[in-house]
Amino acid sequence: MANIFPRWTNWLAIKAVIAVICIKAAVILGVTYYCTPKYTRVGYMPTQPVPFDHSLHVGQLGMDCRYCHTGVEQSSHSNVPATQTCMNCHSQVKAGSAKLAEVRKSWETGNPVSWVRIHKSPDYVYFNHAVHVNRGVSCASCHGKVNEMRVVWHDQSQSMGWCLDCHRNPEKNLRPLNEVYNMDWEADSYHAQIKQGMQFVKEWNVNPPQNCAGCHR
Amino acid sequence: MNKANETISNTTEVTESMSSSNGGMRYWRGLEEYTQTSEFKERLKDEFPAGAHEFWGDDTSRRSFLKLMGASLALAGLGLNSCRRPEAYIVPFTETPEWMVSGKSIRYATAMPSRAGAQALLVSSFEGRPIKIDGNYLHPWAGSATDTFAQASLLDLYDPYRLKEFSKSGQKISSEDFNKEIKGIRDATTGSKVAVLADVVHSPSRDRLRDELLNTMPGLTWAEYDPLISEFHAEAMELAFGKGVKMTPVYEQAKLVYSIDHDFLGTDLGGPGAVRGFSKTRKVEKAGDKMSRLYVVENRFTVTGGMSDHRLRLPFSQVPAYVLKLAQSLKALGITSTSIDSALSTNGKVKLPENVSLSWIKESAKDLMANKGKSLLLIGAMQPVATQLLVFAINEALGNFGKTFKFTKAPEYKPAGIKDVVGKASKGQLDTLIIIGGNPVYNAPVDLNFSEVLKKVKNVVRLGLHDDETTAAASLVAPAAHYLESWGDAIARDGSYLNIQPLILPLYDGITQIDLLGQFLGQEAAEMPMSMQVVKDTFLARQSAPPADEFEKEEIWESFVHHGFIKETQDELLGVFNSTTVSNYSIQNPLKNIELEEGKFEVVITGSYSADDGRYIDNAWMQEAADPVTKLTWDNAVLMSPKTAKKLDVFCKMNWEVKGIQTSELVTIKANDYEVTGPVLIAPGHAEDSITVNLGYGRTRTGMVGRDAGFDAYKIRTSDSPGVVTGAVIHKTGKRKQLAVTQEHHNMEGRAIIRESPLAYFKKHPDFVKHLGVESHSPVKIESFYEPPELTAEQQWGMSIDLNICTGCTACIVACQSENNIPVVGREQVMHGREMHWLRIDRYFSGDDVSEPEMLNQPVSCQHCENAPCETVCPVNATVHSEDGLNVMVYNRCIGTRYCANNCPYKVRRFNFFDYNQRELDKIYNPPFSELWGVSSPRGTPETIKMSKNPNVTVRMRGVMEKCTYCIQRIQENKIEAKVKARNSNDVKIPTDKFQTACQQVCASDAISFGDILDKKSEVYRRKHFSHDYSVLGYLNVRPRTTYLAKFRNINDEMPGADKLGQSSVSQIHHHGDDHGSYGDGHGSHGDGHGKNGHGDYSKDKKHHGEKGHEVNHATGGHH
């Protein structure tokens, strides 16, 4: 009796299994990379209505973060400054600059400037700025070296895994409290950072929440 | 068997068991449970009543749901547009307001006016919108507590159905035009043709404008009307004490409170201050502690009756006879008073209903005599003047005045009543009527025929918050500003002077009462809002020594606005009792002894715990907060005792039409040519031949929420007898109605859940709670099958609820709703047991006699079990334990299997069956997929309702489980605050009792305490170490973090039937004594075991925690 199935069918099952494994692997790898915040968020650099240059204001002029982001030490939310804050200086300095037209318009009409949001935590996440900056986590740890950015971009992934990395090992990112707003501060070495960080964890009783309720309520 | 036969057999079942003892069944919540009908037993098997697994109100079944879901998923796959990150904007201020820190709320002191006097409040404002109302903790009267209505008034502010436009004869006009119209009316009329009909708000500024108005327009009629304020009481007060005297009971001072038809803990003008004062005398901490005693005589169960130690059911109309009998008994015991004598002289023999035993009256009178100067005899304000005077006379003779009653000055001006306005209008003597607040077209006495009379008045000017019946009848209408939008002032119930400041600009350009009166006076608005200027002037004028310096004036005004009140040196009056006047009055007006005719009934008309006088009918939070006693939501009913229902052959029962839903017969009440039809609700503990109906429902012109809610009991209420209608006839109509009663939802099946004892028993057996229920037999700390959570945090949260002082008022439920963004679900969904309240109050009846049960309340929310059964069954880890002992719910993980709710022994988990934030805008409930059927209108949440949400709590969507979080947002906020404060120090602990949960904060009786159970200084630690602390269902070894303190009754042993009161728990101890040897012998060792292993050993556990936390836990478990 002749073979019902031709010879090549002997390998069909194995080939199919290998093909499925390859496709699955490709899909999984694709999704893990292209759907993570590392891909979707990091590098997001929208054009703002006013070309505000952090590298000029912070980097060159040496302004403190808290001059504009006034609520950061008290509130969950680090506020974007009111038009009034810009006008403190720009009613005198560069008062006629074309780049500031939007700001002047806002000041005259009372309509606020609509800045494009870069960092957005989901609605079910309750992040608090105050508790981080008051306990030795620098702005730079989450927002990157803003003092060198001409246009602000999304620097870190700010995914939940990224949050937990630090909440599990806070020593990697703790620094002396007087260096929190110093964007350029770095420990002498990685080992120095860990050593000092461990010391802070102990001395300051740092115990970042790792349970869900820490951020989700 | 056909339906009718079935019904009859069932009622026989109910009525037969009324007389007989029902064996082991000691606590019951509804009649079905009491009789253990087969339907009830059947229902217990289900988590939810009728068809919760099926959609309802349409033909959608689970199968068709899946089909549709499949289709919509396939469609969703076609376009992946939603994957793109949308561009969002940050819109900062142009100029930041002072004090504003973006992301933080600010609290402002203000006050809510009400008929009994205002409540001092602190309102949280988040970025300009008020989001939560709390009591002003600085104010001595009620502290941080408020009543239920104050909590819910936030929703009134944001009600999308508020009156929004100025209008003339139904045509929209501008506010300037309105102002012109007002001026026109004023110029065209004389004072004698003008009347003002105002609500009662106790505002000195309004009073000042009233006086100015009366000066500039002589002959003007100023009338005030509130349907729940009694003219009888005012008359009795004036006769007894003269004009301008206010009498306030001092509950803190009373060792004995004897309340006759006076619900001071509930609706009758007592308010949170009364509850607070009373509960101070009822706190029991250890065996041997004393507490005050409460006698209550009333026709229906009220909140006060539920708290009573001795309660007597008495029809409303028999109260005068009862008071006479009480006076006779007191006289026999040697009390001397001319006014009592003269009252007794005019009355011969009095006859009381059969259930009233003379020894009850005699023994309670003896108790009154034993507490001279330390007792309070209270009488319902709707009782006849002569009765109230006799009660005053008894109090006087007992020496209570000046001791337990204090007297303060009240305004002497006596406004006219609604009768005077109607009298003038019907004679055509009025051409202008200004109706400020209230809703007289709806709630005026029916015999005045108010809406007809109104047609004879040319100009009817209306200032109202809602588009209601009165607004519809007015010719010139202005929207009123909510109190959270107004400048104003008010006198609090304790006599202090409160400021009302706006938290937000009027949402709909509303104007205040002061604005309107100012306009009518022709005052021009200065730069600041006129009402603020008026209040400031009033405030400065009230100062005994007003500063001359402008700067100082500003300073005291600002401090007044900041604190919200000033304590004025109220001249305390002596309160001279005018016994001659009282004697003369009682001789001229002898107390009437009304005998109830056979076949006729008295109908008692009271305010509602949910809708008040009708003003909260449009408030969804109030509608869904069940009546504390009947547990009825979204409706009112005709309440009657089981025996009266049998006599009338009417029914209200479960499973009649739909499984698990109460269906009741509609009856018509006919009296004095008036009639009203409503559903029957059988109320255990109700007096025989007496019927109770609640006011406030059956409004004809309301917003979406109040539509079709209940029936209008005002239709039988007359001006002569606002409290009761006697000689009413009840007819069956043959129609039925389904009611949303929550009393048998979330049943925990009669285990030893609620525990009580007489106070004297507790003295002898301080640890009696440990000998109740299955845990008296079970090993105490057995090892858990599952790995216990690591409780490593420095602070461990827990709660203790004192059942002895909880009145069951439901303020906590509404406060929780406001704090935690809990949606309302509507009448239909409540019927299915899908109410979303995180906190419920179980109301239990106890005792063997269904006619005369005792009542107890037990608030139940998530117990935060350490070995939580919900956590072990969740397939996706959506409910987990935190290291500080919270059972946390992670919404974004939840996929809605509902296994956790099934496995929860306390039945405290709530599931979002629908997206309650995406319902059709004009409906409270709409069937699922109605948009597919093509019957849909736009969906979403009205913008204003969105403004009421707490930004620190997630708004949940369809398909997720939710439950009490112990107000985790407040815990986190305080943790963060402590850490922010700590900076580079190691002290990150939240200070002892630094913050409160929402339910704890609002509780006037201080029944709830919350805090760190490891902190020996904390109140919750103290309470959890009382000997009467117990866990509900402790034998399950779930180790709940919420524990309860047992309930006590301070029984007077001489009273008839005293041996049966408060016995329902402890009698079970004797039972088990019979089975297992006597109490204290065989079980003594058990007791010790419990003592060692209750919550008290937390601190011990804690020492071992840390890295080795749960090994030690295992070890301690292993011991037993």
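Q: How many residues does helix 14 of chain B have, and what span does the helix reach from its first C-alpha to its last?
A: Helices here are DSSP runs of H or I with at least four residues, strands are E runs of at least two, and both are numbered from the N terminus. The expected span is 1.5 Å times one less than the number of residues. Helix 14 of chain B covers residues 385–397, and its reach is close to the expected 18 Å. The helix has 13 residues and reaches 18 Å.

Happy to set the ground rules: this is a predicted model, where local features need pLDDT of at least 70, side-chain atom pairs count only at pLDDT 80 or more, and totals for chains, interfaces and linings use all residues. Residues are numbered from 1 along each chain as its sequence is written, while chains are lettered from A and ligands numbered from 1 in the order in which they are written.

Q: Is helix 14 of chain B mostly covered or exposed?
A: A residue is buried if 20 or more other C-beta atoms, placed from the backbone, lie within 10 Å of its own, exposed at 12 or fewer, and partly exposed in between. In this helix, 13 of its 13 residues are buried. Helix 14 of chain B is thus mostly covered.

Q: Which residue of chain B stands opposite A:Val116?
A: Strands pair if DSSP finds at least two bridges between them. Strand 1 of chain A and strand 2 (residues 89–90) of chain B pair in the antiparallel sense over two bridges. The residue opposite A:Val116 lies in strand 2 of chain B and is B:Tyr89.
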